[in-house]
Amino acid sequence: MNLPAKPNDYSAYPDAHGRFGDYGGQYVPETLMPLVHDLDAAYLAAKADPAFQAELDGFLTHYVGRPSPLYFAERLTRHFGGAKIYFKREELNHTGSHKINNCMGQILLAMRMGKTRIIAETGAGQHGVATATVCARFGLPCVVYMGAVDVERQKPNVFRMNLLGAEVRPVTSGSATLKDAMNEALRDWVTNVHDTYYLIGTAAGMHPYPEMVRDFQSVIGRETRDQILAAEGRLPDAVVACVGGGSNAIGIFHPFLNDAGVKLIGVEAAGEGMDTGRHAAAINGGRPGVLHGNMTYLLQDAAGQITEAHSISAGLDYPGIGPEHSWLHDVGRASYLTATDTESLEAFKLCAELEGILPAIESAHALARLGDVARDVGQDGIVVLNLSGRGDKDVATVAAYLGREV
Amino acid sequence: MTKARIDARFAALRAEGRAAFVAYVMAGDPDADTALQILKGLPAAGADIIELGFPFSDPMAEGPPIQRAAQRALARGMTLKGTLDLARAFRDGDQDTPIILMGYTNPLVTWGYDAFARDAAAAGIDGMIVVDLPPEESDPLADALDAAHLSLIRLATPTTDDRRLPVVLRRTSGFVYYVSVAGVTGVKEADARTVAPHVERVRAASQLPVAVGFGIRTPERAAAIARVADAVVVGSALVDEVAGAVDMNEDVTARVLRKVASLAKAVRFARQGLAAV
């Protein structure tokens with residue numbers, strides 16, 4: 001296969017057809033196509049409207065708590081003995097992860113479009129909680145689809161969503177995890193097209209979602225850029241983030257895409273190990289195909305059936321990845337590594353013990369490769385890691401790994 | 001053959017003054033052998049056109065009946081290749097009944113559109129419906145199907161307004177499939193009075209026959225739709241017969257074909273004002 005040509009401006013995508021090179025697009029049933037076009041037009045209008053941006057900025061400042069700090073992780077820096085390590089502290093946002101950035105943007109858009117009912121899918125429950133939160137704040141009814149398996153392993157988040165007034169519908173079809181929750185949300189949307197807004201939680205799905213979610217999450221990278229320039233007077237040598245669907249990663253990568261000196265490194269979930277086949281690494285262990293409205297790297301069998309993902313982290317337990325990551329991989333602008341369940345849990349412990357921060361197991365996948373990256377960059381270098389979520393939700397999982405009762 | 005087979009079938013039905021009955025069967029449900037027996041029995045039971053579903057793991061526009069049918073078929077190892085094998089085995093004994101494949105994009109991407117179109121034509125397939133491939137994304141497949149003389153049958157829906165309808169109809173051949181309800185298959189019920197003006201709208205914009213499907217479960221409803229459309233598609237109700245027969249340990253083929261016969265009879269006599277059942 002010929003490698004695609006490198007573009008002059010990486011940030012100029014998607015094109016008018018919602019494509020990042022070969023990836024992305026709008027593979028949805030006809031019933032949804034008129035809505036998807038409406039959404040695209042409404043988003044473009046909102047994006048160009050300074051009043052919309054000002055309203056969003058106001059809520060991000062006063063409700064979400066932005067900007068999030070850029071923190072020098074001094075003890076981890078010393079521990080690894082390589083580059084200076086900074087954390088972008090997205091776990092300090094309201095609701096405990098980067099997910100709220102996107103939810104705040106999309107709910108303002110939904111109201112601008114006159115929609116009166118919100119649906120969402122969730123895996124770990126972080127996006128479900130963030131969606132339920134903004135729905136409570138603006139008084140809109142909210143239905144969250146969640147795989148029955150995930151409902152069982154993320155009970156505290158289910159209760160949180162209920163407290164916020166959302167209805168959580170367990171999904172038993174298929175493998176009863178995140179991909180099935182997304183199927184079920186799409187079925188709801190196709191059935192309730194008139195009043196319902198589908199608030200997708202990651203930078204995947206049909207155009208314009210990958211672009212829109214990326215734009216709403218790019219506040220992470222824009223702040224990081226300003227903050228590292230203020231702290232160090234220069235850009236970092238590498239930026240590291242975990243990748244499931246990839247919204248936190250694309251959010252911090254995007255403002256650096258045209259800075260050739262900044263390495264962009266995504267870390268996929270290797271589950272029980274890449275050689276076991278039980279993983280969630282779409283780029284490292286999959287091939288391009290079509291699912292949930294977009295062409296992208298997917299875990300699938302030889303006949304094109306989607307296979308189940310496996311990861312200790314419910315938030316990374318998805319057989320696909322956002323289309324922009326697929327393209328950044330193919331053109332070589334970003335590189336995608338992997339971390340196993342075990343490596344991520346060890347990184348979780350290390351971060352807790354040295355920095356006093358419990359990271360989400362999702363973010364711990366990025367932490368698991370941080371030492372390699374920091375040593376590779378070297379002592380004169382600077383590395384920024386997106387600490388995308390906090391790990392309070394994961395203490396039961398970590399306890400089970402350590403063989404302890406809580 | 002191919003496109004010609006669909007056109008010939010509709011021309012013959014037009015001469016008879018009746019609508020077509022289109023029966024949907026999921027390939028490999030409950031297993032490959034039984035599905036082939038059902039396929040072979042469909043024309044005699046009154047099916048004028050066959051829609052042959054190829055299973056996909058994540059069928060986003062299907063309700064529970066067809067989701068479960070796909071899972072049963074996949075559990076028994078059915079694939080797109082196995083689906084073509086079934087079509088070929090059917091075609092050996094029937095040269096006239098059009099077969100339309102219906103499913104999702106990813107197995108086709110895996111095969112490669114051009115190679116697949118050639119192989120499908122060789123297996124006796126006449127056309128394709130790909131649920132998650134709207135006009136915006138279907139030119140590459142349409143090119144491949146054109147080269148193999150297969151029809152691409154597009155879906156028009158209640159949300160397809162007059163401005164968009166020409167986009168849907170461009171490169172559609174054989175017939176147009178009007179989705180009677182905004183929703184997934186087999187859940188909401190289709191209403192002939194609501195559907196009729198939409199069928200007229202599609203007819204006015206194209207020369208093609210208009211089939212109506214999604215939400216047609218009973219002979220009464222099938223007859224009502226047959227009075228306003230050129231073809232009536234039943235899927236979930238037939239797939240439910242497979243599930244019911246498996247659960248009750250009954251003869252699956254006999255039970256499905258009984259249901260097909262009652263629906264086909266209702267469609268056949270709908271415009272004669274006869275009590276059909």
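This note sets out numbered points on the predicted model shown above.

1. Basis of the note. The model is predicted, and local features need pLDDT of at least 70, side-chain atom pairs count only at pLDDT 80 or more, and totals for chains, interfaces and linings use all residues. Residues are numbered from 1 along each chain as its sequence is written, chains are lettered from A and ligands numbered from 1 in the order in which they are written, and side-chain values use heavy atoms, with hydrogens and water left out.

2. Extent of the interface. The contact (heavy atoms within 4.5 Å) involves 35 residues of chain A and 35 residues of chain B. Together the two chains bury about 2700 Å², of which 54% is on carbon and sulfur atoms. Buried area here is the accessible area (1.4 Å probe) that two parts lose on being put together, summed over both. On the side of chain B, the residues that lose the most area to chain A are Asp58(B), Met60(B) and Glu137(B), which together make up 24% of what that side buries.

3. Three salt bridges are found between chain B and chain A, a salt bridge being a side-chain nitrogen of Lys or Arg within 4 Å of a carboxyl oxygen of Asp or Glu. Glu137(B) takes part in a salt bridge with Arg19(A), at 2.5 Å from N to O.

4. Make-up of the chain B side. Two or more residues each come from α3 (64-75), α5 (105-111) and β6 (155-156) of chain B on the side that touches chain A. Helices (H or I, at least four residues) and strands (E, at least two) are DSSP runs, numbered from the N terminus. The most is given by α5(B), with five residues. By class, the side of chain B that touches chain A holds 17 nonpolar, eleven polar and seven charged residues; Ala, Val, Leu, Ile, Met, Phe, Trp, Tyr, Cys and Pro count as nonpolar, Asp, Glu, Lys and Arg as charged, and the others, Gly among them, as polar.

5. A sheet in chain A. Four strands of chain A form an open antiparallel sheet in the order β1-β2-β12-β11. Its edge strands, each pairing on one side only, are β1 (19-20) and β11 (287-291) of chain A. Strands pair if DSSP finds at least two bridges between them. Strand β2 (residues 23-27) of chain A is joined to β12 (residues 293-298) of chain A by two bridges, and Tyr27(A) stands opposite Gly293(A) in β12(A).

6. A covered strand in chain B. In strand β2 (residues 49-53) of chain B, five of the five residues are buried, where buried means under 20% relative accessible area, exposed over 50%, and partly exposed in between (1.4 Å probe, protein chains only). One face carries Ile49(B), Glu51(B) and Gly53(B), and the other Ile50(B) and Leu52(B), all of them buried. Strand β1 (residues 20-26) of chain B runs parallel to β2(B), with five bridges joining the two; Ala23(B) has Ile50(B) as its bridge partner.

7. Thr95(A). This residue lies in the loop between β4 (84-89) and α4 (99-112) of chain A. Thr95(A) counts as buried because its relative accessibility is 16%. Beyond neighbours within four places in sequence, Thr95(A) is in contact with Ile100(A), Gln126(A), Val129(A), Ala130(A), Thr133(A) and Arg390(A).

8. Salt bridges over the structure. Over all chains there are 51 salt bridges. One of them pairs Glu167(A) with Arg169(A) at 2.7 Å, N to O; Glu167(A) is partly exposed at 39% relative accessibility, as is Arg169(A) at 29%. Another links Arg203(B) and Glu200(B), also at 2.7 Å, and these residues are about one helical turn apart because they lie three residues apart in helix α9 (residues 192-205) of chain B. In the salt bridge of Arg255(B) and Glu250(B), the closest N and O atoms are 3.3 Å apart; Arg255(B) is buried at 18%, whereas Glu250(B) is partly exposed at 36%. Finally, a network of salt bridges links Lys47(A), Glu211(A), Arg214(A), Asp215(A) and Glu324(A).
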